[in-house]
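Hi everyone, thanks for coming. Let me put the sequence and the model up on the screen, and then I'll walk you through a few places in it.

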Amino acid sequence: MTPIPRIIVIDDNPAVHADFCRILTPTDSGPSRAGSEVGDSSDVKHGLNRSPAVELETARQGADGCEKVRQGFSDGRPFAVAFCDLQMPLDRDGLTAIENLWDADPQLQVVICSACSGGEWENVTRRLGHSDRLLILKKPFDDVEVLQIVVSLLEKRRLMLTAEARQDQLEQLVLERTRHLNSAREESEEFLQAIDSILIGVNYQLQVLRWNQRAAETFGIARSDAIGRRLYDLPIEWDDWNTLRDVLQTDRVERTPRLETSFRIADGERRVLGFSCYPVDGQSRGALILGTDLTRQRIVEQQLHQARKLESVGQLAAGVAHEINTPMQYLGDNLDYVKSKFERLVAYLEKTDELITSVESAGYEPELLAELRQQAAKMKLNKLCSQIPEALQDSIDGVKHVSRIVQAMKELSHPGGEQDAPVDVNRVLETTITVSTNEWKYVADVETSLQADVGSVLGFQGELTQVFLNLIVNAAHAIGDMTDEGATGKGLIRISTQRTEGFVVIRISDTGGGIPASIRDRIFDPFFTTKKVGKGTGQGLAIAHSVIVQKHAGRLTFDVEEGVGTTFIIELPAMNDFRTSSESSQTKIGVLV
């Protein structure tokens with residue numbers, strides 16, 4: 001239920017109280033009559049004195065009126081309007097009374113009832129200022145004027161209370177929404193802190209705005225030490241800061257594919273970071289970096305790579321053992337032959353020594369000479385003199401061959417350094433061909449055409465060796481499938497190198513029938529293979545593509561001659577400019593069987 005508005009009249013004249021009572025609380029007896037001070041009410045027509053329902057209070061002095069206003073405000077029943085006289089005997093200054101009224105209730109609407117002149121109004125505005133809470137009602141006043149003022153001020157009061165109530169509601173709504181937003185922000189912050197990824201937010205000046213717990217753990221920098229600082233001012237030694245800066249400092253940051261960079265933190269530890277960059281528009285224009293610490297993953301990948309390399313070496317071990325066994329076998333046979341023949345030669349030499357001794361003693365013994373001749377004929381001394389050097393030469397050649405195989409195995413199994421270095425492509429190919437001999441010797445011949453001055457490339461020798469080995473073994477397997485493992489004849493593997501402008505080009509061709517058209521777009525996919533179970537994992541060409549394209553900035557393509565074979569083409573950036581010398585056309589040509 002809406003409370004009845006309250007009005008207080010503060011005036012030392014009882015007649016004024018009576019007039020306000022008559023105007024604001026009329027009876028049904030007829031039209032109201034105004035007192036002499038109020039003025040003639042003959043113009044007030046019947047019905048104009050219908051006052052709104054109000055509760056009227058009066059006070060004879062300003063102090064009494066202020067006390068009632070203060071009490072009403074304290075009790076929760078404030079006055080809406082106060083009619084106050086400026087000239088009251090006990091109040092030397094009516095303006096002070098009004099100031100006290102506003103101290104008691106700042107929202108109180110005050111109507112000054114006085115016949116004030118212009119000078120008095122200047123004094124009022126000088127003391128009280130120009131306020132929308134203050135009106136002047138000059139005496140004598142009219143009933144209708146009083147009623148209109150009351151209606152207007154009560155409506156103003158109602159609207160003010162409604163606005164205050166609405167403002168309170170809005171403030172409560174804002175507080176509630178703020179609480180929900182804070183709760184949502186805290187919840188989202190908890191989610192962001194919980195994700196197992198590095199989350200860094202920067203503005204267009206690369207000033208850090210967000211730094212989650214994973215970032216703090218990865219970089220060893222607390223959130224409080226990172227927020228507000230520029231990314232490049234943090235104690236992080238980026239290996240490729242220019243790339244990261246270019247991605248983040250474009251006029252409009254674009255979403256980037258996943259990039260990878262490495263860095264060193266304060267304690268000198270080197271780590272690898274894979275990250276993506278997302279643009280952030282709006283007031284805090286900048287970028288959001290979402291990254292993952294790939295250090296452990298790269299270590300595991302390197303270990304797996306070495307494991308695959310060792311697996312390849314293990315697969316070749318039986319063939320290498322066979323290759324070593326063959327020269328060692330004829331080396332042993334020749335040495336046994338030399339030993340047995342040399343024992344017989346010693347016996348002959350002993351007899352010869354006896355003969356010499358006999359001749360020296362002038363005692364000629366025909367029997368000894370005949371025995372010596374018989375023994376020489378039995379030993380086939382002339383033939384022995386030619387065979388022993390041949391056997392020794394064969395033994396020497398066998399030892400050299402074993403040495404080449406062992407050296408090739410050592411080069412193949414060498415892990416290589418972490419940094420790229422000059423790689424002699426021809427030397428690596430020769431080593432790989434030697435080590436893989438047992439894979440191709442029964443199904444194919446290998447023909448090489450290696451340009452003598454092809455030069456070197458900057459790369460990782462161990463990984464390039466792995467690529468060449470995979471391609472040669474694949475070629476041998478393809479030819480083996482075509483020739484029933486050599487039963488219907490041998491195929492041919494051609495390996496060539498050539499220096500073109502800016503690149504070293506390696507071609508490895510086979511006569512294995514070619515790659516079927518249906519699978520040509522999948523051969524570089526990881527784990528895709530057409531080989532039988534146990535013969536291939538589907539990783540060889542995928543690894544080769546990754547090593548050539550990603551790690552060496554080269555190209556790996558292939559040409560297929562349907563029904564004939566496949567040629568894999570490797571293009572690696574050369575270290576030096578192309579040389580157009582007379583020697584550049586010289587090639588090294590040979591056939592290995």
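How many aromatic pairs does a search of the whole structure find? The search finds 9 aromatic pairs. Rings of Phe, Tyr and Trp (its six-membered ring) pair if their centres lie within 6.5 Å; planes under 30 degrees apart count as stacked, over 60 as edge-to-face and the rest as tilted.

Before we look at some of them, a word on the source. This is a predicted model, where local features need pLDDT of at least 70 and side-chain atom pairs count only at pLDDT 80 or more, while totals for chains, interfaces and linings use all residues. Residues are numbered from 1 along each chain as its sequence is written, and side-chain values use heavy atoms, with hydrogens and water left out.

Now to the rings. Phe 20 and Phe 83 have ring centres 4.7 Å apart and planes at 45 degrees, so this pair is tilted. Phe 20 is in helix α1 (residues 14-24) and Phe 83 in strand β3 (residues 81-85), 63 residues apart, and the pair links these distant parts of the chain. Helices (H or I, at least four residues) and strands (E, at least two) are DSSP runs, numbered from the N terminus. Both Phe 20 and Phe 83 are buried; buried means under 20% relative accessible area, exposed over 50%, and partly exposed in between (1.4 Å probe, protein chains only).

Another tilted pair is Phe 558 with Phe 568, at 5.8 Å centre to centre and 45 degrees between the planes. Phe 558 belongs to strand β17 (residues 555-561) and Phe 568 to strand β18 (residues 565-573), so the pair ties together parts that are 10 residues apart in sequence. Phe 558 and Phe 568 are buried too.

If you like clusters, look at Trp 211, Phe 219, Tyr 232, Trp 238, Trp 241 and Phe 263, which form one aromatic cluster.

Some rings have a charge over them, which requires NZ of Lys or CZ of Arg within 6 Å of the ring centre and within 35 degrees of the ring normal. The charged end of Arg 6 sits over the ring of Phe 79, 4.1 Å from its centre. The charged end of Arg 555 sits over the ring of Phe 503, 4.6 Å from its centre.

On to backbone angles. Most residues other than glycine have a negative phi. Leu 206, which is not a glycine, has a positive phi of about 65 degrees. You'll find Leu 206 in the loop between β6 (198-203) and β7 (208-211), and at 0% relative accessibility it counts as buried. Ala 553 also has a positive phi, near 55 degrees. Ala 553 is in the loop between α15 (540-551) and β17. Is Ala 553 buried or exposed? At 57% relative accessibility, Ala 553 counts as exposed.

One more loop: Lys 139 lies between β5 (134-137) and α5 (143-194). Lys 139 has 18% relative accessibility and therefore counts as buried. Lys 139 and Cys 113 are 26 residues apart in sequence and 6.5 Å apart in space, C-alpha to C-alpha.

Let me finish with the whole chain. The secondary structure comes to 15 helices and 19 strands. Of the 593 residues in the chain, 39% are buried.
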